Amino acid sequence: MTASNGLRLRIARGTRGMAAALVAAGLLTGTAGAQALKQYDSSGKAFWKNPPPDWFLGDETSAQKGLAPPANPALPASDEELAENLKAVKLPPGFTISVYASGVPEARQMAFGDKGTLFVGSFGATNVYAIVDQGGKKVVKTILKGLNMPTGVAFRDGALYVVAIDKIFRYDNIEANLDKPPEPVVVYDDMPSYVAHGWKYLTFDKDGWVYVPLGPPFNIGNPPSSVSQVRRVDLKTGAAEIVALGVRNSVGGDIDPRTGRYWFTENARDWMSDDIPSDKLNMISKVVEHFGYPYCHQGDMPDPKFAQGRTCAEFTPPVAKLGAHVAPLGMKFYTGSSFPAEYKNNIFIAEHGSWNRHKYQGGRIERVIVDPDGKNAKMETFASGWLKGDRDYTGRPADILVAPDGALLVADDWAGAIYRIAYTK
Amino acid sequence: MSGVSPRARKPARRISGPARAALAVVTLLACTSARTTSARAAEAPEVAQACLACHGEALAEGAPPIAGHSSNYIQLQLVFFRAGRRKNEIMQGVAEGLSDNDIRALGKYFASLPVPDVKPPADTQADLTKAGEAAALQHRCAACHGDTYLGIQAAPRVARLPEAYLAKALGDYRTGTRPSSGGAAMTEVAGSLSDADIKALAHYLAVLP
């Protein structure tokens, strides 16, 4: 998976001639009378910098033909619609789900401020939101507008950090200035401007360095040297180190409270089939481990074209195979205390759900129970019910956050809402 | 794939010239008065009355049939009109007064109506139809709009829509004056169309049996 919703990318056009030529070229290889398959040459900088709007179709196959990302709803779901949708959500006994806030278009990563403000990034909506409590009612303020895919947010020492493709911004003393945020300070910009898979996620570690994943600007190929990696960055000095290579599209990660190690979700390539390759949960046990992309998928499946002589044994396998096209995005270790004790240090993963699959799967929250060394991973579905029929969503979980009271918050970028899952017994 | 209503229906009536201008005024009046009157149509939400003046059983000139489109498609277009991203004097005027809940209700209502069971006009330009069919294959229209062009999710039904409307829509996508949903698919596709392609595609889709 990958591309997610709407894909309303702000990409300059100007590739029409190329696209037309390629469509025509695709025709030549198609069978007579059949509709051509979409094929793009994504191997050069012209494509990375200015991909056609439908770049994610560029490796189309006859088996997966036409399986493009579904268009987002026009509006965030109303309170009535959300109430109806949540009736269908299944949870383990003792848990309940409710709407924390509605009217949060394309909600992605969440972060709490020290004073209880919930900051939320967005996908194509270009906004960052602040959700505050006013007399027991949650009020959504759009505090930043016009950013380039500001999917990732984090909070530390009074400041809000926002990542928007090629820049990380810092907004100081933000909670005292929600109605008039300060001018941002650019604290890191040594990243390419490629928008495709350029949307990001931020995770601070205990030293105050931030983990940032950088995805390749296409589905599959030999990536530009600046991406397909995870970096650890000191935002005070701009110092950065590569901690993982061979990573495709990762938009979720967290620090293991047991070990301090970084774990992350990864979306596998598209257009192979409905059932392979599997998306992954990974763990970095030493710096500059290579996780296989584009040579090897799911730890044991050489890419038919891009293996290029490499074998899967050379690369770090995943901790867990999460399934094909489930699209794992945000993830968090459960560090709260209001859930039953057996949930302590379990991982919750927000699965955004399929687009490149005939029958969608994912669109739910998975629970992973796993040892600190990555062994003995067990998975079970924690929350589901947003997927209707073969290809209809009422919601798509995009991020997870443990609230100060131990409840689990879920950002849904399809319904434009934040949910709260509590243990009430 | 079904979805075509067996219900018989009068062919669309065309309104032009001064009648159209008058209708525009009526529409705007209807839009403002419909929201204050307490009278309710049997099924249609009150707010739909303004729409039905042009998009009802009889279509005003330039107004496409909207019954049976998906709720998401209807809502997307209304949001685009309301935001001024899709341009049309009448529609922008109507949409600017709509709340989010109005738009949700309109999407639900028009999606619940059967697709108009109109007979396509007689095809008197077989060569143009053939050229349109080839262009539709080349540009992969069916990938999103379905093999019978009856629409899938946010990609609307394009079969048997008025030829002039289809040509205008494709031209507007080509110039970027009409926004595309679903990964900017229409912006991308229409960007490479020639005038002849647009003419042929509009004709082919309008006369689809």
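A residue is taken as buried if 20 or more other C-beta atoms lie within 10 Å of its own, as exposed if 12 or fewer do, and as partly exposed in between, with C-beta atoms placed from the backbone. The model is predicted, and local features need pLDDT of at least 70, side-chain atom pairs count only at pLDDT 80 or more, while totals for chains, interfaces and linings use all residues. Residues are numbered from 1 along each chain as its sequence is written, and chains are lettered from A and ligands numbered from 1 in the order in which they are written.

Chain A contains three helices and 29 strands, where helices (H or I, at least four residues) and strands (E, at least two) are DSSP runs numbered from the N terminus. Of its 425 residues, 55% are buried. The C-alpha trace of chain A spans about 65 × 50 × 45 Å along its principal axes. Among contacts in chain A between residues at least 6 apart in sequence, 56% join residues at least 24 apart, two residues being in contact if their C-beta atoms, placed from the backbone, lie within 7 Å.

Strand E3 of chain A, residues 118–122, is mostly covered, five of its five residues being buried. Leu118(A), Val120(A) and Ser122(A) point one way from E3(A), whereas Phe119(A) and Gly121(A) point the other way. Strands count as paired if DSSP finds at least two bridges between them. Strand E2 (residues 107–112) of chain A runs antiparallel to E3(A) and is joined to it by four bridges, with Met110(A) opposite Val120(A). These two strands form a hairpin with five residues between them, and Gly116(A) in the turn has a positive phi of about 95 degrees. E3(A) is also joined by three bridges to the antiparallel strand E4 (residues 128–134) of chain A, in which Tyr129(A) is the bridge partner of Val120(A). E3(A) and E4(A) likewise form a hairpin with five residues between them, where Thr126(A) in the turn has a positive phi of about 70 degrees.

A further part of chain A is an open sheet of four strands in the order E6-E7-E8-E9, with antiparallel pairing. Strands E6 (152–156) and E9 (185–188) of chain A stand at the edges with a single partner strand each, so one side of each is left without a neighbour in the sheet. Five bridges link E6(A) to strand E7 (residues 159–164) of chain A, and Arg156(A) has Ala159(A) as its bridge partner in E7(A).

Chain B has 10 helices and zero strands, and 45% of its 209 residues are buried. Among its contacts between residues at least 6 apart in sequence, 71% join residues at least 24 apart.

In an unreviewed entry, UniProt places the feature "binding site" at Cys141(B), Cys144(B), His145(B) and Met186(B). These positions span 46 residues in sequence, yet no two of their C-alpha atoms are more than 11.0 Å apart, so they gather at one spot. UniProt positions follow the numbering used here, feature names are shortened, and annotations may be inferred rather than shown by experiment. Cys141(B) lies in helix H7 (residues 141–145) of chain B and is buried, with 21 C-beta neighbours inside 10 Å. His145(B) is found in helix H7 of chain B and is buried, with 21 C-beta neighbours inside 10 Å. Leaving aside neighbours within four places in sequence, His145(B) is in contact with Gly151(B), Ile152(B), Ala155(B) and Val158(B).
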